[in-house]
Amino acid sequence: DLGLRLVPGQALLVQGPSGVGKTTLLRALAGLWPYVSGSVRRPAAEASLFLPQRPYLPLGTLRQALAYPALQVAGERLDDALARVQLAHLRERVDVEADWSRILSLGEQQRLAFARVLLQRPRIAFLDEATSATDEGLEHALYELLRRELPECMLVSVGHRSTLQAFHTHRLELRSDRSWRFAPLGG
């Protein structure tokens, strides 16, 4: 019996103990989990972006990985996005073909996913523990960047750190007894 509504610019933080279904809920909202009932209305797939805890990096160049699922992205925008997520040192290697998921640390991969959001500018972004491999300072910088650069983008995040509350307008707490609590955050 969960019912909630977000409008452009709002952000939902989903929290709760391990195993209560936070990721499953996020996947269902994103249209990636078919084993659900009910209805979800959200922006079309091309206006949505899903960032899992371990980002998908296709084989090929870093440029292709950043553009994914699009085919390409302009060099100047790409350079700027890399710099903004503190990966400017990779600018010289954007056209190198490699298995980037084996070369980059998980934290670097998560920052690349944030650069992807900046480049694609979705109407809604689903972030499933998308900063779990970063420290709190970097997590703060990445979320602040998204909220500043994409103020109308709706965010739906799963995360455990209480510091994430500052970047969200609402919180959904899922509980072990299958109950839930939805409430606005802040003033």
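Biologist: What does the secondary structure of the chain come to?

Modeller: In this predicted model, the chain has six helices and eight strands. Read from the N terminus, the elements run β-α-β-β-α-α-β-α-α-β-α-β-β-β.

Biologist: And what radius of gyration does the chain have?

Modeller: The radius of gyration is 16 Å, and a compact globule of 187 residues would have a value near 16 Å, so the two agree. Along the principal axes, the C-alpha atoms fill a box of roughly 50 × 35 × 30 Å.

Biologist: How much of the chain counts as buried?

Modeller: Of the 187 residues, 45% count as buried. As for contacts, among those with a separation of 6 or more, 72% come from residues 24 or more positions apart.

Biologist: Let us turn to the helices. At what angle do H5 and H6 pack?

Modeller: Helix H5, residues 106-120, packs against helix H6, residues 136-149, at about 5°. Their axes are 10 Å apart. Angles under 35 degrees count as roughly parallel, and H5 and H6 are therefore roughly parallel to each other.

Biologist: Which residues meet there?

Modeller: H5 contributes Arg-111, Phe-114, Val-117 and Leu-118. On the H6 side they meet Leu-138, Leu-142, Tyr-143, Leu-145, Leu-146 and Glu-149. By type, the residues of this contact divide into eight nonpolar, no polar and two charged.

Biologist: How many aromatic pairs does the structure hold?

Modeller: The structure holds four aromatic pairs. One of them is formed by Phe-114 and Tyr-143, with an edge-to-face arrangement. The distance is 5.9 Å centre to centre, and the planes are 70° apart.

Biologist: What does that pair tie together?

Modeller: Phe-114 lies in H5 and Tyr-143 in H6, so the pair ties together parts that are 29 residues apart in sequence.

Biologist: Are Phe-114 and Tyr-143 buried or exposed?

Modeller: Both Phe-114 and Tyr-143 are buried. They also belong to an aromatic cluster, together with Phe-167.

Biologist: Where does Arg-121 sit?

Modeller: Arg-121 is in the loop between H5 and strand E5, which covers 124-128. Its relative accessibility is 46%, so Arg-121 counts as partly exposed.

Biologist: And what about phi of Glu-129?

Modeller: Glu-129 also has a positive phi, about 50°, although this residue is not a glycine. Glu-129 is placed in the loop between E5 and H6.

Biologist: Which residues does His-160 touch?

Modeller: Leaving aside residues up to four places away in sequence, His-160 touches Gln-15, Gly-16, Lys-22 and Glu-129.

Biologist: Where does His-160 lie, then?

Modeller: His-160 lies in the loop between strand E6, residues 154-158, and strand E7, residues 170-174. With 45% relative accessibility, His-160 counts as partly exposed.

Biologist: How far apart are His-160 and Pro-17?

Modeller: In sequence, His-160 and Pro-17 are 143 residues apart. In space, the distance between the two is 8.5 Å, C-alpha to C-alpha.

How values were computed: Residues numbered from 1 in each chain as written. Predicted model: local features only at pLDDT ≥ 70, side-chain atom pairs only at ≥ 80, totals over all residues. Heavy atoms only, no water. Axes fitted to C-alpha atoms, helices over the stretch in contact; angles between N-to-C directions. Helix = DSSP H or I, 4+ residues; strand = E, 2+ residues; numbered from the N terminus. Parallel < 35°, antiparallel > 145°, perpendicular 65-115°, else oblique. Contact = heavy atoms within 4.5 Å. Nonpolar A, V, L, I, M, F, W, Y, C, P; charged D, E, K, R; others polar. Phe/Tyr/Trp six-rings, centres within 6.5 Å; stacked < 30°, edge-to-face > 60°. Buried < 20%, exposed > 50% of the residue type's maximum accessible area, 1.4 Å probe, protein only. Rg over C-alpha atoms; globule rule 2.2 N^0.38 Å.
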